[in-house]
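Dear colleague,

Please find below the structure I am handing over to you.

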Amino acid sequence: MGALENVIDPELGIDIVNLGLVYGVEVDENKTCTVTMTLTAMGCPLAGVIEQDVKRALADIPEVDDVVVNIVWNPPWTKDKMSRYAKIALGIPD
């Protein structure tokens with residue numbers, strides 16, 4: 001999760017972890033890391049950019065040989081999933 005804090009949503013300027021977009025990270029016995037995440041909106045034009053940034057952020061971790069990004073829409077993302085930090089940074093009342 002720490003490495004994913006380096007992945008910044010290009011539209012909002014906040015990392016995907018604090019935005020609450022990452023639902024889960026699992027590494028299997030074959031060193032494949034599966035990141036289950038969502039986006040703030042369906043049809044996000046920057047989905048490919050974010051996916052590549054996720055793969056790049058995890059590429060240097062020795063326990064990871066491959067990264068699979070699984071974008072899901074359920075449960076849907078809401079502002080309630082954001083950390084307090086993200087809400088303050090974006091001026092959203094807590």
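The protein contains 2 helices and 3 strands. Please note that this is a predicted model. Along the sequence, the elements follow the pattern β-β-α-β-α.

On overall dimensions, the C-alpha atoms fill a box of roughly 40 × 25 × 20 Å along the principal axes. The radius of gyration is 13 Å, which agrees with a compact globule, because a globule of 94 residues would have a value near 12 Å. Among contacts between residues at least 6 apart in sequence, 56% join residues at least 24 apart.

Turning to the interior, 34% of the 94 residues count as buried. The largest nonpolar core has 24 residues, and those with the most contacts inside it are Leu4, Ile16, Val35, Met37, Ile50, Val54 and Leu58. Two or more residues each are given to this core by strand E2 (32-37), helix H1 (47-58) and strand E3 (66-71). Of these, H1 contributes the most, with 4 residues.

As for the surface, the protein exposes about 5,500 Å², of which carbon and sulfur atoms supply 50%. Its charged side chains comprise 7 positive and 15 negative ones, and the centres of the two sets lie 7 Å apart.

Yours sincerely

Technical notes: Residues are numbered from 1 along each chain as its sequence is written. This is a predicted model: local features need pLDDT of at least 70, side-chain atom pairs count only at pLDDT 80 or more; totals for chains, interfaces and linings use all residues. Side-chain values use heavy atoms; hydrogens and water are left out. A nonpolar core is a set of buried Ala, Val, Leu, Ile, Met, Phe, Trp, Tyr and Cys residues joined through side-chain atoms within 4.5 Å. Buried means under 20% relative accessible area, exposed over 50%, partly exposed in between (1.4 Å probe, protein chains only). The radius of gyration is taken over C-alpha atoms; the globule rule is 2.2 Å times the number of residues to the power 0.38. Contact means heavy atoms within 4.5 Å. Accessible areas come from the Shrake-Rupley method with a 1.4 Å probe; for residues, only the protein chains shown count as cover. Lys and Arg count as positive and Asp and Glu as negative; His and the chain ends are not counted. The place of a charge is taken as NZ of Lys, CZ of Arg, CG of Asp or CD of Glu.
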